Amino acid sequence: MAKRTNKILLKGNEAVVYGALLAGCEAYFGYPITPASEIAHASAKLFPALGRTFIQAECEIASINMVYGAAAAGRRCMTASSGLGISLKQEGVSYIAGAELPCVIADIMRGGPGLGNIAPEQSDYNQVVKGGGHGGYKVIVLAPGSVQEMCELTMLAFDLADEYRMPVYVLTDGMIGQMMEKLELPEPRPRRAPQSWALNRVNETKNCVSSIYMEPKDLEELNIRLNKKYAEICAKEQRAELYKMDDAEYAFVAYGISSRMARTAADILRAEGIKIGMIRPQTLFPFPADALKQAAANGIKQFISVEMSNGMMIDDIRLAIECKVPVTLLNRMGGNVPSVEEIVKRAKEQIGGCANV
């Protein structure tokens with residue numbers, strides 16, 4: 001862990017901006033949307049004050065294409081949005097993935113579908129984790145569960161984006177984005193020199209940035225290389241926090257604000273004699289399959305997926321454990337956050353029944 005130099009009280013959204021600046025981000029291009037607007041607001045204030053670029057684009061589509069351009073020029077850059085705005089950015093994200101350019105995108109999730117509402121939800125999981133744009137691309141997805149992690153995982157996002165030459169998402173719900181907590185500021189990264197991403201690794205004579213490959217064999221070679229990279233990421237970059245899993249017989253799986261509620265619920269259930277722990281994914285791609293497999297091998301009788309969606313993560317849990325252990329869903333939708341009391345009550349109802357939901 002990097003040495004901490006200062007402590008301040010911030011919203012999670014503001015911590016993303018501090019993390020970006022500490023990581024050496026040079027440009028923010030975005031368009032405000034609740035519950036992510038503080039990212040744009042703080043960027044508008046801080047980026048120009050530090051001699052860096054802030055542009056409020058005319059729309060989400062413009063902002064992601066500005067990111068494409070700045071990334072192609074070798075600059076560390078980012079954008080942020082929520083739900084509807086992320087949907088509009090997806091074509092640009094696919095272009096960036098195809099051109100193998102690094103960038104960071106923060107998605108502070110709200111309720112949907114459609115206009116939905118501005119309450120916290122986790123319903124962008126599929127469009128982000130599964131690669132919502134066209135083509136078979138992947139993005140690394142980091143899932144902070146606190147204001148501290150909003151800063152630290154944003155810094156990590158820039159490092160991973162550069163290392164693997166790909167978009168990286170910081171994905172959390174509106175509650176984590178809006179809540180205020182103490183942030184201990186990490187040491188800033190040295191600002192790196194602009195990089196030249198122009199040299200195309202399929203055709204070494206094609207000295208330009210592009211995602212177009214007119215010859216099917218060239219496009220196939222690109223996709224083969226991309227999928228080798230994704231396999232390497234799955235092997236090397238899985239991250240998860242384990243809570244009271246050493247002697248657990250049951251396990252919650254949760255991220256974002258759901259994980260904070262589930263952690264307290266686990267403490268209450270343990271006090272009542274139910275040995276339950278929690279696995280909190282800090283990466284949603286790559287999904288922390290190894291931690292779940294190990295838990296299943298250690299005798300976990302049942303996993304409970306705690307989600308603020310219609311169960312978008314539960315299939316990844318089942319795939320990770322090869323359906324060898326029952327997995328049930330404990331969820332709320334519409335922007336409702338499950339309370340600790342509700343999780344305790346519903347977990348008791350599910351434990352032992354082991355019906356897959």
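## Cavity lining and nonpolar cores

The second largest cavity is lined by R75, R76, C77, P102, C103, V104, F158, A161, D162 and R192. The elements giving two or more residues to this lining are β5 (103-109) and α6. Of these, α6 gives the most, with three residues. Helices (H or I, at least four residues) and strands (E, at least two) are DSSP runs, numbered from the N terminus.

This is a predicted model: local features need pLDDT of at least 70, side-chain atom pairs count only at pLDDT 80 or more, and totals for chains, interfaces and linings use all residues. Residues are numbered from 1 along each chain as its sequence is written, and side-chain values use heavy atoms, without hydrogens and water.

A cavity is a set of points on a 1 Å grid over the protein atoms alone where a 1.4 Å probe fits but cannot get out; lining residues have an atom within 4 Å of a point. There are two cavities of 30 Å³ or more.

A nonpolar core joins buried (under 20% relative accessible area, 1.4 Å probe, protein chains only) Ala, Val, Leu, Ile, Met, Phe, Trp, Tyr and Cys residues through side-chain atoms within 4.5 Å.

| Core | Size | Residues include |
|---|---|---|
| Largest | 99 residues | M78, V141, L284, L292, F303 |
| Another, apart from it | 18 residues | Y243, A254, L269, I343 |

Conventions. Buried means under 20% relative accessible area, exposed over 50%, partly exposed in between (1.4 Å probe, protein chains only). On a 1 Å grid over the protein atoms alone, a cavity is a set of points where a 1.4 Å probe fits but cannot get out, and a pocket is an open set with protein on both sides within 12 Å along at least five of seven lines; lining residues have an atom within 4 Å of a point. Grid points are joined across faces, edges and corners, and a volume is the space filled by probe spheres set on the points.
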